Amino acid sequence: MNAATFAIIVASATPLIFAAIGETITEKAGVVNLSLDGSMLLSAMTGFAIAYTTGSVELGLLAGMATSGVVAFVVAFGGIRLRVNQIAVGLILTYFATKLSALLGGEFVRKPGPSVQKMSLPVLEDIPFFGEILFQQNPLVYFSFLLIIVSFWWIFHTRRGLDLQAIGERPEAAFARGIPVNSLRYFYTVLGGAFVGLGGAAFSLDAKMGWSEGHIANYGWIALALVIFGGWHPLRVAFGCYLFGAIQIVALKMQPTLPDLAQVLPIAPFPLMILTLVFLNMRVVQSFTMRFGGIGRLIRGTAPSALGESFWPD
Amino acid sequence: MNALQQTKYFAGAITISLVVSIFFLWLVEAPLVDTAKLLVEGAFGTNQRIGDTFMIWVPLLLASASLVVTFSAGLWNIGVEGQIVAGAVAASFVAREVQGSTAVVLTLMVIGGFVGGALWGLLVGVLRVRGGVNEIFGGIGLNFVATGLIVYLVIGPWSRDGVASTGGTEPFGPQAWFPTIDGLRVSPLALIIAFVALVSVMFLLSKTHFGLRLRATGKNSLAANRFGIATSRYLLMAFIIGGGIAGLAGVTQAGAVYHRLVPSISGGYGFLAILIVLLARFRGLWVIPIALFFATIAMASFQWQLRLGLHSALGGVIQGVLVLSIVLVMGYQEGRQHREQSNIRGNTAL
Amino acid sequence: MSLELRAITKRFGSVVANDTISLSVGPGEIHGLLGENGAGKSTLVKILSGFITRDHGEIELDGTKLHLLSPNEAVANGIGILHQEPLVFLPFSVVDNFLIGSPKEYGHAEAYEALSRISEQFGFDLNPDVSASNLSIGERQQLEIARLLWLGARVLILDEPTTAISSTQREKLFATIRDLAGDGMSVIFVSHKLEEVQELCDRVTILREGKIAASVDLPSPVEYLVSKMFGTGVLPQTRRAKVNGSSLLELVNASASEQPGQIIDANLAVTRGQVIGLAGLEGAGQRTLLRAMAGFVPFTEGSFRVQSAEISELDYLDRLGLGFYYLPADRQREGLVNGLSITEHVALSVTDQSKVIDWNVARSEAARRIDKFSIKGTVESTPESLSGGNQQRLLLALMPEAPLLLLMEHPTRGLDIESATWVWSYLLTLSESGTSIIFSSSDLEELTTYSDQIAIFFSGRIIDQVDASEATVEELGLLIGGVRQR
């Protein structure tokens, strides 16, 4: 494989990075937003529709973020304020948002529209090999790099990130220490949702330009699976996204020679995720990784303990 | 007083969903009266349409019956789609390989489909009980694996002669077709299977020791264990039975609707059934009218598209609005009631 | 630094958890708050931590009135609480734990510095970089104390801090508390352990059933404190004839441990129809023994024989088959299934092999048992709608007719007198028909009245076994408190 292939992998994984990291942020706070497959679709649609109507890609991306932010807010409101099961709300919203994207996106189907323009970074683009892979891309791709690094740094190396982990891990203890658990959960759910939306819009305005029904082809579920595969750790989640991107490209390249396998390869992340989980849950592996600090945490990748549970102070 | 309060909240939820639905109708410039008229006419206007409505009703009933079992055991079996696929694949295998009279072939298809779905469900269960993989993600994962399997079969070993397309396999021989009444697309046999399955589930859950233990496990597995119930065995049984019934939906989709294996064999009915069961609050009896209503909306969607030029997704949006408002509002009401009760009980938490 | 509580009252529905509680803690004072489970200590701690809000009453810290509407406010006002389960986040490092919830201007540099400074002052040995999951419970408490001091705690409230720590760690903790009091800190030490309060505190307030039962300077005679702490119930005196049944079970040098709780080297012999009471302060091992006998906690050493057959390898379901039965203290969480009706519970409890339930039979059986056990409810009632007394009657009604061995935690806790009397008259009938009963209780009157033999637990060991007919409540109190050995 040459640098150009790697560049394509990086570019094609970008929307997934946004969605999976966004969901990682949400789940770190202890909220599970299961609506990804629907809300990404809806954001892909609104993002494209706004960009198409206004001619502004930036506005389109913002609209995509806002859309999934609103969907995420419904999940948070249902799960936190109304105390309804987050899984139920997420699944219903998946269905609803999917259908809504088809309904409202009808007039934009298969129309040529604006897209994110390539912008090589001066100096960096000339780095041999890596320059072509990483720095002859578009601003969205650069932003995804930034998001990986900043989310990692924020979660594991800042005070507020510590609070974020705390509310997903032991909300009652965090609350007793004076951290406003539910307000923060609202914030991170909506923030994570906004990145999910950016992932959706990144499809229709960049990775798979344009809009059609079911445009993002199960990428929402894939993003959810990658969060687990990535052990709720931004770096490993990102690794999973690129790995998936690579599998996709390999599948594409095999299309002419091995058409059967090429059709089936896109499902590879799921068995991979399941086997990874089963492997990591084995007692031997658990006790082995316990011996290492940060690296062990990266490998073990345990879910936030209070994931999906409502916290009621009274 | 409780029932009254519940009714009030329910009425409120229905009102909300009506208002929101009308908003969406207005948004897509749908004529209200015609749309409402076509809802009934589209699904029941002619014998053919009634037949088609019932044809959609069948997989919804079966998938819902499957979910009622797993929900009763406290499980989120999102893997129902994959179990439908597994049932369809197993039934297609029988239809392709077994030669014999219609009665023999259909019987074997039903048995095979049940076993196929049950095994696929059991896989999710084993991953959950032994592998520590949450049933939601195990289920979603296996849904995709099932889809991959079906695509592989359709374009690979079971492809039509000389054509490697995702369009579907060769149609089954006539002995593997579910019989229909002249002029209608619905197979009475499929409808009978659906009702037998649903009634069996209701009977199982409400009238048998097994069902009672399953429900106890779903509500409080610690206390259920104290009553001498081996809870993880019951969880696995729920996956086997639920998966098997979902597999039957695959059988009827393959044998009574498409008469061959196609990649989109589940038609998304498994996922839609999750909404139905949430709306029915996991009760089998309520599944019957709600599933029929959802089938009605699905049929009306075709007519709205055909006659009024509206988008076919409109029906799905209305379904989503309805379920979302009812689940949110009723969940809120239950939460309040629960809080009041726990305040009265009081000092257990001291 | 002084804390003043005036007439704190908190109700949950019809239950008054705290009824006009007043107490004041001066600078340098270690104030004990003593009482059995359910006496209202936890509610008071939760009010002071801002977790729940009081209905009435005033809280004053150094002359300033506090609202305490949220934990945030408690932390900001210098009320430091060491919770029974330290508020430690296990996956995180010690220094991260130290930081969570502190003001945002503090960073890791400040945390390292403060942690090492405070650790040195009190002789704590905390490595800031290890994962908190590697710390013992005692070290987690040290981490929390250090954190509270760093955040400027002016009052320190310790909620049952000695439940899960070793005696060496306890000595260390007590030394720390004394040092802090020496520096003028006001300390509230919440406990149900009499001897610890005696050892550590200057003054004690005893709570019982939500009210102040006594408030005295220490030291004070043990029997006085016990009498204030434990209710001397109004149970009818029905001393019964001694039973001389055949041997049923034998526990030899048995040890087991769970989190929290342990039993060490326990010996117990029980005959058919015998009633054995397990006495001891909360957490002294009674609960672990009952759970180990039921099969929820494995015996790590020793042997457990029933009618001469070794059964320590059998699990709970097997032991059910032998005729064991276990009734938990937490009837709602562990005993009954909320949402299922009494009829459904009855159908759940029958072990007949038929597949189909005859609901008419089940309903009439449920009605019969509701009648026989005087349960105030209908066949359609669900457990969450029943009072504690009726829940206990329902649990008894669901038991097989004549179990071989009944293991029971706190048979009458939370029950009204009528239910309590009824429960015991039923249990005694059972024992007369051959059922052996082993029960734990914190009601001394209950223990002396209904047991044949009383096993006394202290720190995980059975330190004595007495004939109930010869035991008095006073003597039992002394034994339980570990003050005296016979």
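Accessible areas in this tour come from the Shrake-Rupley method with a 1.4 Å probe, and for residues only the protein chains shown count as cover. The structure is a predicted model, in which local features need pLDDT of at least 70 and side-chain atom pairs count only at pLDDT 80 or more, while totals for chains, interfaces and linings use all residues. Residues are numbered from 1 along each chain as its sequence is written, chains are lettered from A and ligands numbered from 1 in the order in which they are written, and side-chain values use heavy atoms, with hydrogens and water left out.

**First stop: chain A**

Chain A contains 15 helices and zero strands; helices (H or I, at least four residues) and strands (E, at least two) are DSSP runs, numbered from the N terminus. With a radius of gyration of 19 Å, close to the 20 Å that the globule rule gives for 314 residues, chain A is as compact as a globular protein of that length. That radius is taken over C-alpha atoms, and the globule rule is 2.2 Å times the number of residues to the power 0.38. The C-alpha trace of chain A spans about 55 × 45 × 45 Å along its principal axes.

Now show the surface of chain A. Its accessible surface comes to about 12100 Å², and 69% of this belongs to carbon and sulfur atoms. Of the 314 residues in chain A, 60% are buried; buried means under 20% relative accessible area, exposed over 50%, and partly exposed in between (1.4 Å probe, protein chains only).

**Second stop: helix H10 of chain A**

Select residues 219-229 of chain A, which form helix H10. All 11 of the 11 residues in this helix are buried, so H10 is largely enclosed by the rest of the structure. Among the buried residues are Tyr219(A), Trp221(A) and Phe229(A). Just after H10(A), select Gly231(A), where phi is positive at about 55 degrees.

Select Met65(A) in helix H3, which covers residues 57-81 of chain A. Is Met65(A) buried or partly exposed? Its relative accessible area is 22%, and Met65(A) is therefore partly exposed. Beyond residues up to four places away in sequence, Met65(A) touches Gly193(A), Ala194(A), Phe195(A), Gly197(A) and Leu198(A); contact means heavy atoms within 4.5 Å.

Met209(A) counts as exposed, at 55% relative accessibility. Which residue lies 96 residues away from Met209(A) in sequence and 7.8 Å away in space, C-alpha to C-alpha? That residue is Gly113(A). The contacts of Met209(A), leaving aside neighbours within four places in sequence, are Ser115(A), Phe203(A), Ser204(A) and His215(A).

Display chain C beside chain A. At this interface, 23 residues of chain C are in contact with 18 residues of chain A. Together the two chains bury about 2000 Å², with 61% of it on carbon and sulfur atoms; buried area is the accessible area (1.4 Å probe) that two parts lose on being put together, summed over both. Select Phe51(C), Phe89(C) and Lys104(C), the residues of chain C that lose the most area to chain A, together 31% of what that side buries.

Chain C has 17 helices and 20 strands. Its radius of gyration is 24 Å, close to the 23 Å that the globule rule gives for 486 residues, so chain C is as compact as a globular protein of that length. Along the principal axes, the C-alpha atoms of chain C fill a box of roughly 70 × 45 × 45 Å. Buried residues account for 57% of the 486 residues in chain C.

**Last stop: backbone details of chain C**

Select Leu218(C) and Pro219(C), which are joined by a cis peptide bond with omega of about 0 degrees. Pro219(C) is in the loop between strand S10 (211-217) and helix H8 (222-229) of chain C.

Then select Asp62(C), in the loop between strand S4 (56-61) and strand S5 (64-66) of chain C. Asp62(C) is a residue other than glycine with a positive phi, near 50 degrees, and counts as partly exposed at 32% relative accessibility.

Finish at His410(C), in the loop between strand S17 (405-409) and helix H15 (417-432) of chain C. His410(C) has a positive phi of about 40 degrees although it is not a glycine, and at 10% relative accessibility His410(C) counts as buried.
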